[in-house]
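Hi everyone, thanks for making time this morning. Let me put the sequence and the structure up, and then we can walk through a few spots together.

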Amino acid sequence: MKFVTLNAYLKREVSEPSLANLVDRIASACWQISATVRNAALAGNQGETVNVNPQGEVQKPIDLIADDIFRHSCLQNSDVGALISEEVQEVYHRTDAKEGDFVVAYDPLDGSSNIDVNLSVGSIFSISRFQDIQALLPAGRKIECAGYAIYGPSVMLVLTFGDKVDGFTLDVDAAEFVLTHPNMQISNDTIEFAINTSRERFWDDIVSAYVEDCIAGDDGPRRKSFNMRWTASMVADVHRLLCRGGVFLYPQDKENAGQGGKLRLLYEAQPMAFIVETAGGRASTGKARILDVPPQTPHQRTSVILGASDEIERLENAYAAGPVKA
Ligand code: P6P
């Protein structure tokens with residue numbers, strides 16, 4: 001079967017050579033990271049370091065290796081003006097960065113706690129433009145390109161420039177990504193939701209009522225039987241809902257409210273929201289669209305509810321109606 005290669009796709013779809021080059025550099029980084037992930041146990045890259053990331057999470061050797069690979073690959077493009085990484089407290093910005101240069105926000109290895117148990121992990125990124133040092137943090141609606149790589153049974157790169165979402169599979173023998181999942185779409189309704197149910201005691205009433213109704217099945221208010229999944233890797237859970245529908249919830253709750261939630265706006269929520277909404281889904285905090293949340297700090301956190309638009313609207317309407325009546 002003849003597939004369109006990523007290089008041919010970028011030549012066809014991206015008119016700006018430097019943007020096409022940056023996406024190619026990111027794809028190359030993801031390919032290198034996939035090899036590092038595959039060989040983690042052989043290279044002694046499992047386990048933990050004594051460092052913590054800006055979130056206070058213990059860093060794994062492989063988190064730092066992935067960040068290094070991603071950073072160096074992006075900086076091979078001389079138009080990259082700023083980098084915002086989950087693994088680095090400070091935002092990198094080139095001293096002579098000029099308006100229009102690229103800003104790349106990225107999580108080099110999402111869900112890395114899965115590596116030691118051989119489950120899927122991924123990398124997430126968005127590309128926007130450097131306005132000036134005061135406007136360094138990308139607004140969701142200004143994102144020009146977003147994507148993720150998933151390091152699973154196959155390595156895939158899912159990419160969007162805002163008009164459609166296309167999925168590429170790494171052909172290891174041919175040493176290139178090829179277009180295997182053109183125009184990925186999210187159906188409006190679903191029977192599958194993803195949430196960490198061990199946090200139920202912290203949820204607000206809206207989320208509790210929503211999950212309770214899903215679990216009530218055919219005899220419950222939803223009149224249908226739902227399935228639940230939780231992979232503890234946002235990339236894997238979002239990829240599943242892009243492939244077969246679903247809803248992903250990591251809401252702000254009583255325990256993480258002080259930090260604004262668990263997931264980070266710039267390099268988890270925003271890129272995934274851009275991808276999901278381009279694929280016909282919806283991405284919300286429950287009270288606002290994620291792409292409209294103003295970025296204030298590089299590692300800012302947010303509530304995340306995204307996926308099938310009918311389900312997200314149901315939750316938004318519940319938040320708008322106010323607390324669940326006892
Ligand atoms: P929990 C991974 O650490 C991550 O940032 C997301 O990829 C994932 O959805 C979430 O956190 C998992 O969180 O609380 O289930 O471990």
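Let me start with a term: two rings of Phe, Tyr or Trp, taking the six-membered ring for Trp, count as an aromatic pair if their centres lie within 6.5 Å. Please keep in mind that this is a predicted model. With that cut-off, searching the whole structure turns up five aromatic pairs. One of them joins Trp230 and Tyr250, with 5.8 Å from centre to centre and 55° between the planes, which makes the pair tilted. Trp230 sits in the loop between β10 and α5, while Tyr250 belongs to strand β11, so the pair ties together parts 20 residues apart in sequence.

Now to the helices. Helix α5, residues 234–244, packs against helix α6, residues 265–278, at an angle of about 10°, and their axes are 12 Å apart. Because angles under 35 degrees count as roughly parallel, that is how we describe α5 and α6. Among the residues making the contact are Val238 and Leu242 of α5 and Met272 and Ile275 of α6. The contact residues comprise nine nonpolar, no polar and one charged.

Last stop, Asp253, in the loop between β11 and β12. Asp253 is buried, with 4% relative accessibility. What does its side chain contact? There is a polar contact with the side chain of Arg199, at 2.8 Å. A polar atom of the Asp253 side chain also lies 2.9 Å from the backbone nitrogen of Glu255. Thanks, everyone!

Key. Residues are numbered from 1 along each chain as its sequence is written. This is a predicted model: local features need pLDDT of at least 70, side-chain atom pairs count only at pLDDT 80 or more; totals for chains, interfaces and linings use all residues. Side-chain values use heavy atoms; hydrogens and water are left out. Helices (H or I, at least four residues) and strands (E, at least two) are DSSP runs, numbered from the N terminus. Buried means under 20% relative accessible area, exposed over 50%, partly exposed in between (1.4 Å probe, protein chains only). A polar contact is a pair of N or O atoms within 3.5 Å; within protein, one must be able to donate a hydrogen and the other to accept it, and residues adjacent in sequence count only if both atoms are side-chain atoms. Axes are lines fitted to C-alpha atoms, for helices over the stretch in contact, and angles run from 0 to 180 degrees between N-to-C directions. Angles under 35 degrees count as roughly parallel, over 145 as roughly antiparallel, 65 to 115 as roughly perpendicular and the rest as oblique. Contact means heavy atoms within 4.5 Å. Ala, Val, Leu, Ile, Met, Phe, Trp, Tyr, Cys and Pro count as nonpolar, Asp, Glu, Lys and Arg as charged, and the others, Gly among them, as polar. Rings of Phe, Tyr and Trp (its six-membered ring) pair if their centres lie within 6.5 Å; planes under 30 degrees apart count as stacked, over 60 as edge-to-face and the rest as tilted.
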